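Please take a moment with the sequence and the model shown below.

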Amino acid sequence: LYRFARHHSMTLRPAHRMFEVQVGDRVDCNPRRINKKAHRGWKHGSIVQKDYKSGQVKIEYAVKTSKNKCHYWTHLDNVEEIAPLNAMVGGGAAAAAVKK
């Protein structure tokens with residue numbers, strides 16, 4: 001279940017973590033709001049768009065079941081949906097802690 005916040009209280013808020021990322025940077029993403037099994041879980045992605053007024057970024061990633069690239073918007077403060085590259089994918093210490 002997702003929490004609700006006042007309108008624009010989160011989406012227009014600047015990022016307080018990962019604020020140094022730029023378009024083209026690679027990150028780990030977990031597109032958890034997409035209800036398709038192939039999209040679930042942590043995977044590598046690239047930032048393709050960034051809203052500089054807020055902490056929102058658009059991430060492009062691939063899934064095995066689709067030949068097309070997939071896109072997902074998230075806020076940089078959302079630790080459940082975005083992380084630095086290899087923090088959650090590729091055997092990092094954080095990934096091992098989450099899988100327990």
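Is R32 buried, exposed or partly exposed? R32 is partly exposed, with a relative accessible area of 28%, where buried means under 20%, exposed over 50% and partly exposed in between, for a 1.4 Å probe and protein chains only. This is a predicted model, in which local features need pLDDT of at least 70 and side-chain atom pairs count only at pLDDT 80 or more, while totals for chains, interfaces and linings use all residues. Residues are numbered from 1 along each chain as its sequence is written, and side-chain values use heavy atoms, with hydrogens and water left out.

**Salt bridges**
- The structure holds 3 salt bridges, a salt bridge being a side-chain nitrogen of Lys or Arg within 4 Å of a carboxyl oxygen of Asp or Glu.
- R32 meets E80 at 3.0 Å, N to O, and R32 also meets E81, at 3.2 Å.
- R33 pairs with E81, their closest N and O atoms being 3.0 Å apart.
- Through shared partners, these salt bridges join R32, R33, E80 and E81 into one network.

**Place in the chain**
- R32 lies in the loop between β1 (26-29) and β2 (43-50), whereas E80 lies in the loop between β4 (70-75) and β5 (82-84), 48 residues apart; strands are DSSP runs of E, at least two residues, numbered from the N terminus.
- The pair of E81 and R32 likewise links distant parts of the chain, 49 residues apart.

**Accessibility**
- E81 is buried, at a relative accessible area of 1%.
- E80 counts as partly exposed at 44%, and R33 counts as partly exposed at 42%.

How values were computed: Helices (H or I, at least four residues) and strands (E, at least two) are DSSP runs, numbered from the N terminus.
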